[in-house]
Amino acid sequence: MAGNREFFYRRLHSLLGVIPVGIFLVQHLVVNHFATKGPESFNRAASFMEHLPFRYFLEIFIIFLPLLFHAIYGLYIAFTAQNNVGRFGYFRNWMFMLQRLTGIITLIFVTWHVWQTRVQAAFGADVNYDMMANIVDNPFMLAFYIVGILSTVFHFSNGLWSFCVSWGLTVTPRSQQIFTYVTMIIFVALSIVGIRAILAFA
Amino acid sequence: MSEKKTIRLIVTRQDRPDSAPYEEEFEIPYRPNMNVISALMEIRRNPVNAKGEKTTPVTWDMNCLEEVCGACSMVINGKPRQSCTALIDKLEQPIRLEPMRTFPVVRDLQVDRSRMFDSLKKVKAWIPIDGTYDLGAGPRMPERKRQWAYELSKCMTCGVCLEACPNVNSKSNFIGPAPLSQVRLFNAHPTGAMHKEERLKAIMGDGGLANCGNSQNCVQSCPKGIPLTTSIAALNRATTVQAFRSFFGSDEV
């Protein structure tokens with residue numbers, strides 16, 4: 001396997017982005033959406049997630065380790081590319097560039113978000129509706145969160161497209177084209193879920 | 001018609017592989033039906049730049065002059081393509097000529113594409129038919145499949161897809177789309193398929209298939225219209241199966 005590491009790492013990177021990180025993202029956005037039904041509704045959903053059994057195990061193996069690998073290896077991938085959308089302004093080349101750009105924005109956003117919520121919770125803060133409401137009370141933070149959510153959702157949706165190509169699920173140009181439409185619909189749908197939730201805190 | 005029509009060219013020149021590139025402008029007389037190569041030949045015949053100074057003739061590579069050898073590839077007005085089929089009447093002036101800098105520049109517009117041939121060797125882009133005795137005729141190939149494979153066989157190793165690819169650069173050792181598509185071609189051949197596994201394992205190594213980032217510039221740029229991204233996706237599927245087989249073993253030999 002020694003000479004085979006790059007292939008393995010790339011495929012692992014692609015897999016982890018969808019399972020479990022992508023699935024966690026969808027779950028997280030759906031739980032946040034409870035905020036649109038009012039503070040109590042959100043607090044009940046958040047407390048359910050907080051009191052799941054094996055919480056630390058789930059957090060480490062479903063969220064932090066896969067996310068860490070995906071982020072660090074993703075940075076390496078992003079910085080080995082030499083973007084050339086100026087010379088080759090094709091649609092997929094733009095998506096290639098945006099995938100790398102949103103990856104970096106998402107990493108900055110997620111790092112900040114984890115610091116502001118999960119790390120503060122470890123220091124004894126209560127994770128509830130009021131915590132988020134206080135954060136997005138600042139218009140700058142609200143804008144930062146909106147950009148972060150859109151960037152994350154784009155990176156996930158377009159990543160789903162390249163996941164299907166990388167694993168050989170969509171081979172023909174027609175299947176890839178149809179999946180472009182599918183992932184764009186996913187982007188719009190998840191963006192609505194995410195933006196509605198963050199605006200519910202504002 | 002007293003005024004003589006001319007062509008303006010801006011050529012990126014480089015005297016030695018390790019020297020700094022510089023631009024030189026040329027103004028040459030127009031003739032009907034010229035291509036970039038005949039314009040370069042005109043500069044070679046009379047090496048005088050637009051300022052009227054005597055200079056060295058521009059160096060470039062060429063061979064077949066009918067877009068089947070791939071030797072005369074260069075960056076023309078920002079896009080990599082063959083200079084033999086780049087017609088002057090269809091180009092915006094001044095015409096900018098640059099070398100394909102993804103490859104080491106030998107001199108002026110001439111580049112060294114050796115890495116592509118090394119890659120073809122690495123992926124075993126051939127069909128072994130020699131034995132110590134006459135092996136006889138190989139299995140037959142259906143005509144429909146032969147016609148399909150012919151499209152993949154049009155690759156002339158010109159290097160345009162590598163020049164267009166954002167992941168082929170000095171920071172990565174990605175072999176690029178062209179040799180990958182050749183793996184699909186030779187694995188599709190009934191005799192070539194006998195070495196399918198070796199080729200798949202070669203592209204699963206460092207600098208191989210997994211480096212593709214799906215920018216799909218290659219398929220947009222290929223002068224031969226080779227379905228490079230379909231080849232890459234098909235190989236992604238084949239290597240997925242191969243990876244499981246290598247790890248878990250297989251019921252098939």
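Q: How many residues does the contact take from chain B, and how many from chain A?
A: Keep in mind that this is a predicted model. Chain A puts 26 residues into the contact, and for chain B the number is 24.

Q: Which helix of chain B gives the most to the side that touches chain A?
A: Two helices of chain B, helix 7 (217-221) and helix 8 (228-248), each supply at least two residues of that side. The top contribution is 6 residues, and it comes from helix 8.

Q: By class, what does the side of chain B that touches chain A have?
A: Sorting that side of chain B gives 3 charged residues and 6 nonpolar ones. Gly goes with the polar class here. The polar count is 15.

Q: What confidence does the predictor give the complex, and what pLDDT does chain B average?
A: For the complex, the predictor gives an ipTM of 0.93 and a pTM of 0.94. In chain B, 99% of the residues score at least 70. The average pLDDT of chain B is 95.

Q: What share of chain B is buried?
A: Chain B has 253 residues, and its secondary structure comes to 8 helices and 7 strands. Its C-alpha trace spans about 80 × 40 × 35 Å along the principal axes. To count as buried, a residue needs 20 or more other C-beta atoms within 10 Å of its own. In chain B the buried share is 40%.

Q: Among contacts in chain B between residues at least 6 apart in sequence, what share joins residues at least 24 apart?
A: Start from the chain B contacts whose partners are at least 6 apart in sequence. Keep the ones that join residues at least 24 apart, and you have 63%.

Q: Is His113(A) buried or partly exposed?
A: UniProt, in an unreviewed entry, lists His113(A) under "binding site", along with His28(A), His70(A) and His155(A). His113(A) is in helix 5 (residues 91-122) of chain A. The cut-off for buried is 20 or more other C-beta atoms within 10 Å. His113(A) has 18, so it is partly exposed.

Q: Why does His155(A) count as buried, and which residues does it touch?
A: His155(A) is in helix 7 (residues 139-166) of chain A. It counts as buried because it has 25 C-beta neighbours inside 10 Å. Leaving out residues up to four places away in sequence, His155(A) touches Gln99(A), Thr102(A), Gly103(A) and Thr106(A).

Definitions and conventions
Residues are numbered from 1 along each chain as its sequence is written. Chains are lettered from A and ligands numbered from 1 in the order in which they are written. This is a predicted model: local features need pLDDT of at least 70, side-chain atom pairs count only at pLDDT 80 or more; totals for chains, interfaces and linings use all residues. UniProt positions are given in the numbering used here, feature names are shortened, and annotations may be inferred rather than shown by experiment. Helices (H or I, at least four residues) and strands (E, at least two) are DSSP runs, numbered from the N terminus. A residue is buried if 20 or more other C-beta atoms lie within 10 Å of its own, exposed if 12 or fewer, and partly exposed in between; C-beta atoms are placed from the backbone. Two residues are in contact if their C-beta atoms, placed from the backbone, lie within 7 Å. pLDDT is the predictor's confidence in each residue, from 0 to 100.
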